[in-house]
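Colleague: I would like to learn how to read surface and side-chain features from a set of coordinates. Could we take them one at a time?

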Amino acid sequence: MAKSADPNSFRRTWDKEEFGKRAQERVDEDNDVDDDLAPPKKKIPVKRELLKRRDYEVDLDSKLNKSIVITKTTPLSQTGGYYCNVCDCTVRDSINFLDHINGKKHQRNLGMSMRVERSTVDQVKKRFEFNKRKKEEQKQKYDLQERLHEVQEEADRVRQSRIDRRKEKKRKADEEEEEQLDPEIAQMMGFGGFGGAKKNN
């Protein structure tokens, strides 16, 4: 807006060139917005890895039965619940944490798609053979009666060693007592020793 040349005139006068530029800028911005609303051009799809098996153990038990003091300044990873460092979020219970770890969002953040590699017939047969061998090895390793017998023998061994240690300790104590006692003084006083233990002669 420009001032009029006449000082007594109270009417506004407009600078047509300046407002013409502003109007043109607005039209250009509207055209840019229309381009944004237009159907997007096809983007090249991101190639993600196929879904893989986890190679680590999920830790669900480390925070059980523990009290934590949470303040306003406590980092998100140390607040109550289970923290996912990949997605930077906290989940309140173990079931939801497992659901999150196995979910689409978490797998995408890891760079994996939810598609699984298709197995061939040979791979399935090999896996069956491997599982069969593993099961047989476990049966051989874990024979219940044999294991109970070993545990019983170990308990007997521990008990016997305890008894032997007690006997040895008692024998050493008796020897030390006999060494400390002078036989002549004991005979004058009329007793064989200060201990109250019975001796087999």
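**Reading the features**

Modeller: Start with the nonpolar surface. Ile185, Met188 and Met189 make a nonpolar surface patch of about 360 Å². Keep in mind that this is a predicted model.

Colleague: Where does Met188 lie?

Modeller: Met188 is in helix α6, which spans residues 183-189.

Colleague: Is Met188 buried or exposed?

Modeller: Exposed. The relative accessible area of Met188 is 73%, and the cut-off for exposed is over 50%.

Colleague: Now charge. Which residues gather in a patch of negative charge on the surface?

Modeller: Glu25, Asp28, Glu29 and Asp30 do. Take Asp28 as the example. Asp28 sits in helix α1, residues 16-37. The relative accessibility of Asp28 is 38%, so Asp28 counts as partly exposed.

Colleague: Next, salt bridges. How many salt bridges does the count come to?

Modeller: The rule asks for a side-chain nitrogen of Lys or Arg within 4 Å of a carboxyl oxygen of Asp or Glu. By this rule the count is 6 salt bridges.

Colleague: Give me one to look at. With which residue does Glu49 form a salt bridge?

Modeller: With Lys52. The closest N and O atoms of Glu49 and Lys52 are 2.8 Å apart. Check the exposure of each partner. Glu49 is partly exposed, at 41% relative accessible area. Lys52 is exposed, at 55%.

Colleague: Why are Arg159 and Asp156 separated by about one helical turn?

Modeller: Because they are 3 residues apart in helix α5, which covers residues 144-180. Arg159 has 45% relative accessibility and counts as partly exposed. Asp156 has 34% and also counts as partly exposed.

Colleague: What do the side chains of Arg171 and Glu175 meet in?

Modeller: A salt bridge, with 2.7 Å from N to O. Arg171 and Glu175 are 4 residues apart in helix α5, so about one helical turn separates them. Arg171 is partly exposed, with a relative accessible area of 40%. Glu175 is partly exposed too, with 37%.

Colleague: Which residues are linked with Arg171 in a network of salt bridges?

Modeller: Glu168 and Glu175. With Arg171, they are linked in a network of salt bridges.

Colleague: Last topic, the cysteines. How many disulfides does a search of the whole structure find?

Modeller: First the general idea. A disulfide is a covalent bond between the sulfur atoms of two cysteines. Here the search of the whole structure finds 0 disulfides.

Colleague: Is Cys87 buried or exposed?

Modeller: Buried. The relative accessible area of Cys87 is 14%, and buried means under 20%. Cys89, at 21%, is partly exposed.

Technical notes:
Residues numbered from 1 in each chain as written. Predicted model: local features only at pLDDT ≥ 70, side-chain atom pairs only at ≥ 80, totals over all residues. Heavy atoms only, no water. Disulfide = S-S within 2.5 Å. Buried < 20%, exposed > 50% of the residue type's maximum accessible area, 1.4 Å probe, protein only. Patch = residues over 30% accessible without salt bridge, like charges linked within 9 Å, V, L, I, M, F, W, Y side chains within 5 Å. Areas by Shrake-Rupley, 256 points an atom, 1.4 Å probe, with all protein chains shown as cover. Lys, Arg positive; Asp, Glu negative; His and termini not counted. Charge placed at Lys NZ, Arg CZ, Asp CG, Glu CD. Helix = DSSP H or I, 4+ residues; strand = E, 2+ residues; numbered from the N terminus.
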